[in-house]
Amino acid sequence: MYWPPTRTFLKYIVIQIPGWLGLVGVLLLLWRRVEMPAWAAGTLLGCWVVKDLALYPFLRRSYEEDPRTGVERMVGLRGVVTTDLTPKGYVRVRGELWRATAPTGPVPRGSTVEVVSAAGRLTLAVERVPVP
(Lines give C-alpha, C1' and ligand atoms only; values in the text may rest on other atoms or scores of the structure.)
Protein backbone atom coordinates (compact mmCIF):
# COMPACT_ATOMS: atom_id res chain seq x y z
CA MET A 1 0.00 0.00 0.00
CA TYR A 2 1.04 3.60 -0.35
CA TRP A 3 2.35 5.32 2.79
CA PRO A 4 1.96 8.09 3.75
CA PRO A 5 -1.54 7.90 2.28
CA THR A 6 -2.09 9.95 -0.83
CA ARG A 7 -5.07 12.23 -1.36
CA THR A 8 -6.46 9.71 -3.85
CA PHE A 9 -6.20 6.86 -1.33
CA LEU A 10 -7.92 8.89 1.38
CA LYS A 11 -10.69 9.81 -1.06
CA TYR A 12 -11.14 6.11 -1.88
CA ILE A 13 -11.32 5.17 1.81
CA VAL A 14 -13.87 7.89 2.61
CA ILE A 15 -16.08 6.66 -0.23
CA GLN A 16 -15.86 3.06 1.12
CA ILE A 17 -16.92 4.00 4.68
CA PRO A 18 -20.71 4.09 4.01
CA GLY A 19 -20.52 0.56 2.59
CA TRP A 20 -18.59 -0.64 5.61
CA LEU A 21 -21.15 0.96 7.96
CA GLY A 22 -23.99 -0.64 6.02
CA LEU A 23 -22.32 -4.03 6.34
CA VAL A 24 -21.88 -3.48 10.09
CA GLY A 25 -25.63 -2.76 10.33
CA VAL A 26 -26.52 -5.94 8.45
CA LEU A 27 -24.10 -8.00 10.56
CA LEU A 28 -25.53 -6.56 13.79
CA LEU A 29 -29.01 -7.46 12.61
CA LEU A 30 -27.88 -11.01 11.82
CA TRP A 31 -26.07 -11.25 15.14
CA ARG A 32 -29.19 -10.30 17.08
CA ARG A 33 -31.90 -12.04 14.98
CA VAL A 34 -30.14 -15.20 13.86
CA GLU A 35 -27.57 -15.36 16.65
CA MET A 36 -24.68 -15.20 14.21
CA PRO A 37 -21.41 -15.73 16.11
CA ALA A 38 -19.46 -12.51 16.68
CA TRP A 39 -16.30 -14.10 15.27
CA ALA A 40 -18.12 -14.84 11.99
CA ALA A 41 -19.41 -11.28 11.75
CA GLY A 42 -15.94 -9.90 12.46
CA THR A 43 -14.41 -12.21 9.86
CA LEU A 44 -16.92 -11.11 7.22
CA LEU A 45 -16.29 -7.45 7.97
CA GLY A 46 -12.52 -7.99 7.87
CA CYS A 47 -12.73 -9.82 4.53
CA TRP A 48 -14.89 -7.01 3.11
CA VAL A 49 -12.35 -4.36 4.13
CA VAL A 50 -9.43 -6.43 2.77
CA LYS A 51 -11.35 -6.84 -0.51
CA ASP A 52 -11.77 -3.07 -0.79
CA LEU A 53 -8.08 -2.48 -0.07
CA ALA A 54 -7.06 -5.14 -2.60
CA LEU A 55 -9.17 -3.48 -5.31
CA TYR A 56 -7.64 -0.03 -4.75
CA PRO A 57 -4.65 -0.46 -7.13
CA PHE A 58 -7.06 -1.39 -9.94
CA LEU A 59 -9.48 1.48 -9.24
CA ARG A 60 -6.95 4.19 -8.31
CA ARG A 61 -6.98 5.96 -11.69
CA SER A 62 -10.74 6.46 -11.56
CA TYR A 63 -10.39 8.29 -8.23
CA GLU A 64 -7.55 10.58 -9.33
CA GLU A 65 -8.35 14.18 -10.07
CA ASP A 66 -7.26 15.59 -13.41
CA PRO A 67 -8.04 19.25 -13.99
CA ARG A 68 -7.64 18.94 -17.75
CA THR A 69 -10.69 18.51 -19.97
CA GLY A 70 -11.14 15.56 -22.30
CA VAL A 71 -9.65 17.33 -25.31
CA GLU A 72 -6.68 18.66 -23.35
CA ARG A 73 -5.81 15.10 -22.27
CA MET A 74 -5.22 14.27 -25.92
CA VAL A 75 -2.14 16.49 -26.22
CA GLY A 76 0.80 14.28 -27.17
CA LEU A 77 -1.29 11.51 -28.75
CA ARG A 78 -0.75 10.51 -32.35
CA GLY A 79 -3.30 10.05 -35.07
CA VAL A 80 -3.73 9.62 -38.82
CA VAL A 81 -4.99 12.30 -41.22
CA THR A 82 -8.21 11.15 -42.93
CA THR A 83 -8.69 14.21 -45.17
CA ASP A 84 -6.02 16.59 -46.40
CA LEU A 85 -5.34 19.27 -43.79
CA THR A 86 -5.19 22.50 -45.81
CA PRO A 87 -5.14 23.83 -43.05
CA LYS A 88 -8.42 22.29 -41.80
CA GLY A 89 -9.63 18.72 -42.10
CA TYR A 90 -10.13 15.57 -40.07
CA VAL A 91 -7.83 13.21 -38.18
CA ARG A 92 -8.45 9.89 -36.45
CA VAL A 93 -7.03 9.75 -32.91
CA ARG A 94 -7.66 6.68 -30.69
CA GLY A 95 -10.26 5.48 -33.17
CA GLU A 96 -12.26 8.72 -33.00
CA LEU A 97 -12.68 11.20 -35.83
CA TRP A 98 -11.74 14.77 -34.85
CA ARG A 99 -11.80 18.10 -36.64
CA ALA A 100 -8.22 19.37 -36.84
CA THR A 101 -6.09 22.24 -38.02
CA ALA A 102 -2.46 22.19 -39.10
CA PRO A 103 -1.03 25.62 -38.30
CA THR A 104 2.43 24.72 -39.65
CA GLY A 105 1.23 24.00 -43.18
CA PRO A 106 -0.71 21.49 -45.27
CA VAL A 107 -0.57 17.81 -44.30
CA PRO A 108 -1.55 15.12 -46.83
CA ARG A 109 -4.05 12.35 -46.15
CA GLY A 110 -2.56 9.23 -44.50
CA SER A 111 0.17 11.15 -42.66
CA THR A 112 0.84 10.58 -38.99
CA VAL A 113 0.30 13.64 -36.81
CA GLU A 114 0.70 14.51 -33.15
CA VAL A 115 -1.79 16.57 -31.18
CA VAL A 116 -0.07 19.75 -29.93
CA SER A 117 -3.04 21.60 -28.45
CA ALA A 118 -6.79 21.82 -28.30
CA ALA A 119 -8.17 24.74 -30.30
CA GLY A 120 -11.52 25.21 -28.63
CA ARG A 121 -13.52 22.25 -27.39
CA LEU A 122 -13.86 20.20 -30.56
CA THR A 123 -10.86 21.04 -32.73
CA LEU A 124 -7.34 19.68 -32.36
CA ALA A 125 -4.22 21.51 -33.49
CA VAL A 126 -1.79 18.95 -34.92
CA GLU A 127 1.71 18.77 -36.38
CA ARG A 128 3.04 16.26 -38.83
CA VAL A 129 5.33 13.59 -37.35
CA PRO A 130 8.48 13.10 -39.46
CA VAL A 131 8.74 9.67 -41.06
CA PRO A 132 11.86 7.80 -39.81
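The side chains of E64 and R60 meet in a salt bridge with an N to O distance of 2.4 Å; the term denotes a side-chain nitrogen of Lys or Arg within 4 Å of a carboxyl oxygen of Asp or Glu. A search of the whole structure finds three salt bridges. The model is predicted, so local features need pLDDT of at least 70 and side-chain atom pairs count only at pLDDT 80 or more, while totals for chains, interfaces and linings use all residues. Residues are numbered from 1 along each chain as its sequence is written, and side-chain values use heavy atoms, with hydrogens and water left out.

**Salt bridges and their exposure**

- Side chains of opposite charge can pair when their charged atoms come close.
- In the E64 and R60 pair, E64 is partly exposed at 34% relative accessibility, and R60 is partly exposed with a relative accessible area of 26%; buried means under 20% relative accessible area, exposed over 50%, and partly exposed in between (1.4 Å probe, protein chains only).
- E114 forms a salt bridge with R78, and the closest N and O atoms are 3.8 Å apart.
- Because E114 lies in strand 4 (residues 112-119) and R78 in strand 1 (residues 78-81), this pair ties together parts that are 36 residues apart in sequence; helices (H or I, at least four residues) and strands (E, at least two) are DSSP runs, numbered from the N terminus.
- E114 counts as partly exposed, at 28% relative accessibility.
- D52 forms a salt bridge with K51, with 2.7 Å between the closest N and O atoms.
- Within this pair, D52 is buried, with a relative accessible area of 4%, whereas K51 is partly exposed at 35%.

**Backbone geometry**

- Most residues other than glycine have a negative phi, and most peptide bonds are trans.
- A cis peptide bond joins T86 and P87, with omega at about -15°.
- P87 is placed in the loop between strand 1 and strand 2 (88-93).
- E35, although not a glycine, has a positive phi of about 60°.
- The loop between helix 1 (7-33) and helix 2 (38-63) contains E35, which counts as exposed at 67% relative accessibility.
- R94 is likewise not a glycine and has a positive phi of about 50°.
- R94 is found in the loop between strand 2 and strand 3 (96-101) and is exposed, with a relative accessible area of 59%.
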